[in-house]
Amino acid sequence: SVVSSYFYGKVIDRRRGAELFRAGGIVNATLHGLRAFVATPLSVVLVNVLNEIGTSAYQMPYVRGMYDEADNLPGYRAAYISLMMVTFCAGAALFAFAASGLVVWLGPRQGLAASFGLAAACTVIMLWHGFASLRPSE
């Protein structure tokens, strides 16, 4: 994870954060979709390792984009970052509520599998974010 984070930092510094963000999001969404079919301990470990790499790949450019956007709002930096964190936490709470509803409605096994599908869909939706620093350079 440390090695991949170092590599990702270099990619972001070369203004390729948008590509890293998109690739990491796609990897993460794919892995969430595959989690429902993971059955052996070895496959669980493999999916978790790949998930950590994919998560870092989209989170690092996302955080960079958030702070770059906050820097473009003189006097409102702390308020912007605070509102982004509140929104993030509200989204996480909404997801947890939806996932628990799926488990109650469908049962533990099918509900958890459906929750992984929901997580994959949420990750794809996240890819539509429009931070200026994550837009491809012309």
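Tutor: Let us begin with a term. Helices here are DSSP runs of H or I with at least four residues, numbered from the N terminus. The model before you is predicted.

Student: How many helices and how many strands does the protein have?

Tutor: The protein contains five helices and zero strands. Read from the N terminus, its elements follow the order α-α-α-α-α. The C-alpha trace spans about 50 × 30 × 25 Å along its principal axes.

Student: How should I read the length of a helix, and what span does H4 reach?

Tutor: One compares the span with the value expected at 1.5 Å a residue. Helix H4 covers residues 77-106, 30 residues in total, and its first and last C-alpha atoms lie 43 Å apart, close to the expected 44 Å. H5, with 19 residues, reaches 26 Å, which is close to the 27 Å expected for it.

Student: Which residue just after H4 takes a positive phi?

Tutor: That residue is Gly107, whose phi is about 100°.

Student: How does one decide whether a residue is buried or exposed?

Tutor: A residue is buried under 20% relative accessible area and exposed over 50%, with partly exposed in between. Buried residues make up 30% of the 138 residues in this protein.

Student: Which residues of H4 are buried, and what covers them?

Tutor: In H4 the buried residues are Tyr80, Ile81, Met84, Ala99 and Leu102. Their cover includes helix H3 (41-71) and helix H5 (108-126). H5 has its own buried residues, namely Gly111, Ser115, Ala119, Ala120 and Thr123. These pack against helix H2 (17-35) and H4.

Student: Why does Thr55 count as buried?

Tutor: Thr55 counts as buried because its relative accessible area is 14%. Thr55 is placed in helix H3, and its side chain makes a polar contact of 2.8 Å with the side chain of Asn28.

Student: What is the general idea behind a salt bridge, and how many does the structure hold?

Tutor: Side chains of opposite charge can pair when their charged atoms come close. The structure holds two salt bridges. One joins the side chains of Asp68 and Arg64, at 3.2 Å from N to O. Both residues lie in helix H3, four residues apart, about one turn of the helix. The other joins the side chains of Asp71 and Arg77, at 2.7 Å from N to O.

Student: Why do Asp68 and Arg64 count as partly exposed?

Tutor: Asp68 counts as partly exposed because its relative accessibility is 23%, and Arg64 does so because its value is 29%. In the other pair, Asp71 is partly exposed at 45%, as is Arg77 at 37%.

Student: Which residues make the nonpolar surface patch?

Tutor: The patch is made by Val45, Leu46, Val49, Leu50 and Ile53, and its area is about 400 Å². Val49 lies in helix H3 and is partly exposed, with a relative accessible area of 44%.

Student: What share of the contacts join residues at least 24 apart?

Tutor: Among contacts between residues at least 6 apart in sequence, the share that join residues at least 24 apart is 65%.

How values were computed. Residues are numbered from 1 along each chain as its sequence is written. This is a predicted model: local features need pLDDT of at least 70, side-chain atom pairs count only at pLDDT 80 or more; totals for chains, interfaces and linings use all residues. Side-chain values use heavy atoms; hydrogens and water are left out. Helices (H or I, at least four residues) and strands (E, at least two) are DSSP runs, numbered from the N terminus. The expected span of a helix is 1.5 Å times one less than its number of residues. Buried means under 20% relative accessible area, exposed over 50%, partly exposed in between (1.4 Å probe, protein chains only). Contact means heavy atoms within 4.5 Å. A polar contact is a pair of N or O atoms within 3.5 Å; within protein, one must be able to donate a hydrogen and the other to accept it, and residues adjacent in sequence count only if both atoms are side-chain atoms. A salt bridge is a side-chain nitrogen of Lys or Arg within 4 Å of a carboxyl oxygen of Asp or Glu. Patches are made of residues with over 30% relative accessible area and no salt bridge: like charges are joined within 9 Å, nonpolar side chains (Val, Leu, Ile, Met, Phe, Trp, Tyr) within 5 Å. Accessible areas come from the Shrake-Rupley method with a 1.4 Å probe; for residues, only the protein chains shown count as cover.
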